[in-house]
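Colleague: I have a chain on screen and some questions about its fold. Can you take me through it?

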Amino acid sequence: MEKLTFYALSAPEKLDRIGAYLSERLIRDVSRHRYGYVCIAMEALDQLLMACHCQSINLFVESFLKMVAKLLESEKPNLQILGTNSFVKFANIEEDTPSYHRSYDFFVSRFSEMCHSSHEDPDVRSKIRMSGIKGLQGVVRKTVNDELQANIWDPQHMDKIVPSLLFNLQHAEEAESRSPSPLQAAEKEKESPTELAERCLRELLGRAAYGNIKNAIKPVLIHLDNHSLWEPKVFATGCFRIIMYSIQPQHSHLVIQQLLGHLDANSRSAAPIRAGIVEVLSEAAAIAASGSVGPTVLEVFNTLLRQLRLSIDYALTGSYDGVGAAIGAGIGAGINTGINTGINTGMGAGITPGMSPRIIKEQEERMFQEAVIKTIGSFASTLPTYQQSEVMVFIMNKVPLPSSQHSMEPGKDGENRNRLTQIMLLKSLLQVSVGFQCTNMLTALPSAFLDRLLSSALLEDPEIRLFVLEILISFIDRHGNRHKFSTISTISDISVLKLKVEKCSRQDSVFMKKHGQQLYRHIFLISKEETNGRAHYEALFGLLVLLSLELANEEVVVDLIRLVLAIQELAQLAEEGLSPFGRCALLALGAAYLNLIGQLLSVPTFCQHVHQVIQSRQKEAPFLLPEDVFGESPRLSKNLDQLGPEVFFWQSKISEALGGSGYNLERLSIPYVPQLTDEDRLSKRKSIGETISLQVEVESRNSPEREQRAPAEEITYETLKKAIADSVAVEEQERERRRQVVEKFQKAPFEEIAAHCGARATLLQSKLNQIFEITIRPPPSPSGTVSAAYGQSQSHSIPVYEMKFPDLCVY
């Protein structure tokens, strides 16, 4: 061997003939089953290959690869392993000269086939599979960095390499199910096809460039589809965990886009399959670096929200689109060619005997919807703050509201679809807002977003209202105080809560000045809802407290106290239609809030009044305290109208207490009355007639002359019809007047227009002169009057320095 190597190095032009001779000997020995000589020939080829790196090595390599292919074609496992080992040695050699015509198609196909070996002996099967994996690894190493070699990233190669590696990953449980001896176990740990396949897959993905990611990921998705590996989710999730940790971070968004496209392609697949894809999406988003979703952020959320809407439709209809048509086609075929054929055709579209798709699909679709919502939260958590704000506005604009008529579907089915869509989108929004942290509330809650969010709070569904409250709490709670108010109580010392309180910033003050009244109004209107439960009152309490901790200056504190006193007055009125629990809950909520805000403000007289009312309630009306109302067995009372004044908080006493500490006494003395807007008409809680009558009642209540005012005019159908007709006529007249003015300025001659404008200017100037004379004319002088033209006397003012005073006035 030493002489042969020396000869080959001395005369490299003979290397191709040496290779051809050895190849001929090896082929003959293989056919004659002389395996000892086969091993000798391969060893000689390996040593020559390792020693010689001349320009004429290409022809020798052709002979070498021909011999390796001959060994791989053999049915003997030992020869296959021998050929693979020689190929791996060759793959690790860096050649000096490129090859333009070398092909590895056969090796990719053969190594992939070896990865799927089904030999009877488990040990032999494991060795063959490992050889196949090593061979694929060698092909990748040999070709991936050489642009002149065959492009290993072509779909024809990736469709063989990637599934072969996944197949060995997939059968990891099979290998672990056997219980070998300790020595065999140690050997297996070193030579496990699963670990080798994972290492090879990581190396393959780590070498992938930007343009090759798609070809590498697509076979993974097809393999998971063909082998139904989405539903257990364990293998699919683990597989994409390997992918996300192996590729370069800047390529993460390409994988996510591939998954989104695959989710769209499986829109009509069973819910467990879609849920598995979404779970993998969630896992991939959690691993991806911040901001790696790429520039198409809204496309990601648009796809997820579209799938959410489709799932709601599937849950309502109980079937996927096209199932009914498939059944009809099957029945038609059954009529023509036999009943059995029609039944089989219909079942092929997804219908199985004895299956009740309605119940099963509702449960599966619910699980899928929860998975989508979780994924939306995972995606949002990887984004920077400004993109999270954009995503929340995007989701909120998808929520169907009465104010946007085009997004509401009529009919009973439409109402169910609207309700489910509202709930799912608000749950998604809540998931995003939980991880949202922003110091500036003006940027966190823009006006358009806040308006639509608060409009949802006026819907009649209690679950939707609760979601709105939780979303607001998530936004406002920037210091993690929310969990300290999970239950409502009148705690005697709030220092044990260890609250994190910071001074209200200028941006927060501007936010409350801009949106404060809007927030107070919706809190008041939500308090009036008859369908509120314990969770609603706890959320209202948490929202009031967090507003006081996070966004409150002196003006906001005064407004919140006025709001709570208005809620107390609301609970005292039996005609509002609240249940005994609702009235007691509102009174208990007010006591808990005023107790807490009193300790935060540290005004002794205010705290004393609150303490006295709480003590009176403990003696005479314990059912007005949160410990009783929100306990396990609440004690309620229907006779709230017979309670004495000592169990209520009085605005006069609170105003007196806070006014002495420098608070705005005038503002404190004005009761809070919410302003009615057009939003109430769009709400389902009140009809238009009720809104008008309530507005008349509020106006009469606020007027100082309400006893002397005439009764309000009765609103009838004829009155409304006349009002509408009159408004239409006025609009027509105004439109006609504007048309005449425009036509006049377009067609009239210039002199006429100039004269008209000059006359108007003269008239305007005369009016202004009269106004100025009235406003700036000094009072008449005591020095007398002067006669004006036409014999009229006119007051004339003489300057003080020209007046002549009597001598008695001069000192």
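Colleague: Among contacts between residues at least 6 apart in sequence, what share joins residues at least 24 apart?

Modeller: Keep in mind that this is a predicted model. Take the contacts in the protein chain between residues at least 6 apart in sequence. Those that join residues at least 24 apart make up 74%.

Colleague: How many helices and strands does the protein chain have?

Modeller: Count the two kinds of element separately. The strands number two, and the helices number 36.

Colleague: What percentage of the residues count as buried?

Modeller: Buried means under 20% relative accessible area. The protein chain has 811 residues. The buried share of them is 44%.

Colleague: Let's turn to helix 13. Why does its length agree with what a helix should span?

Modeller: Helix 13 runs over residues 234-246, which is 13 residues. At 1.5 Å a residue, they should span 18 Å. The end C-alpha atoms agree with that, because their separation is 18 Å.

Colleague: Where does Lys233 lie?

Modeller: Lys233 is not a glycine, yet its phi is positive, at about 70°. Most residues other than glycine have a negative phi. Lys233 counts as partly exposed, because its relative accessibility is 24%. Its place is the loop between helix 12 and helix 13.

Colleague: Are helix 14 and helix 16 roughly parallel or roughly antiparallel?

Modeller: Two packed helices are described by the angle between their axes and the distance between the axes. For helix 14 and helix 16, the axes are 11 Å apart and the angle is about 25°. Angles under 35 degrees count as roughly parallel. So helix 14 and helix 16 are roughly parallel.

Colleague: Which residues of helix 16 does helix 14 meet?

Modeller: By class, their contact has four nonpolar, two polar and two charged residues. Helix 14 brings Leu260, Leu263 and Asp264. In helix 16 they meet Val300, Thr303, Leu304, Arg306 and Gln307.

Colleague: Which residues does Leu420 touch, not counting those up to four places away in sequence?

Modeller: Leu420 is in helix 21. At 26% relative accessibility, it counts as partly exposed. Leu420 and Arg309 are 111 residues apart in sequence, but 9.0 Å apart in space, C-alpha to C-alpha. With residues up to four places away left out, Leu420 touches Ile312 and Leu316.

Colleague: Now helix 27 and helix 31. Are they roughly parallel or roughly antiparallel?

Modeller: Their axes are 11 Å apart, and the packing angle is about 165°. Angles over 145 degrees count as roughly antiparallel. Helix 27 and helix 31 are therefore roughly antiparallel.

Colleague: Which residues make the contact of helix 27 with helix 31?

Modeller: Helix 27 passes helix 31 in a right-handed crossing. The residues from helix 27 are Ile561, Arg562 and Leu565. Those from helix 31 are Gln651, Ile654 and Leu658.

Colleague: Does Ser602 count as buried or exposed?

Modeller: Ser602 sits in the loop between helix 28 and helix 29. It has a positive phi of about 60°, although it is not a glycine. Over 50% relative accessible area means exposed. Ser602 has 54% relative accessibility, so it counts as exposed.

Colleague: And Val603: is it buried or exposed?

Modeller: Val603 is found in the loop between helix 28 and helix 29. Val603 touches Gly598, Ala657, Leu658, Ser661 and Tyr663, leaving out residues up to four places away in sequence. Ala657 is 54 residues from Val603 in sequence and 7.5 Å from it in space, C-alpha to C-alpha. At 4% relative accessibility, Val603 counts as buried.

Notes. Residues are numbered from 1 along each chain as its sequence is written. This is a predicted model: local features need pLDDT of at least 70, side-chain atom pairs count only at pLDDT 80 or more; totals for chains, interfaces and linings use all residues. Side-chain values use heavy atoms; hydrogens and water are left out. Helices (H or I, at least four residues) and strands (E, at least two) are DSSP runs, numbered from the N terminus. The expected span of a helix is 1.5 Å times one less than its number of residues. Axes are lines fitted to C-alpha atoms, for helices over the stretch in contact, and angles run from 0 to 180 degrees between N-to-C directions. Angles under 35 degrees count as roughly parallel, over 145 as roughly antiparallel, 65 to 115 as roughly perpendicular and the rest as oblique. Contact means heavy atoms within 4.5 Å. Ala, Val, Leu, Ile, Met, Phe, Trp, Tyr, Cys and Pro count as nonpolar, Asp, Glu, Lys and Arg as charged, and the others, Gly among them, as polar. Buried means under 20% relative accessible area, exposed over 50%, partly exposed in between (1.4 Å probe, protein chains only). A crossing is left-handed if the near helix is turned anticlockwise from the far one by less than a right angle, and right-handed if clockwise.
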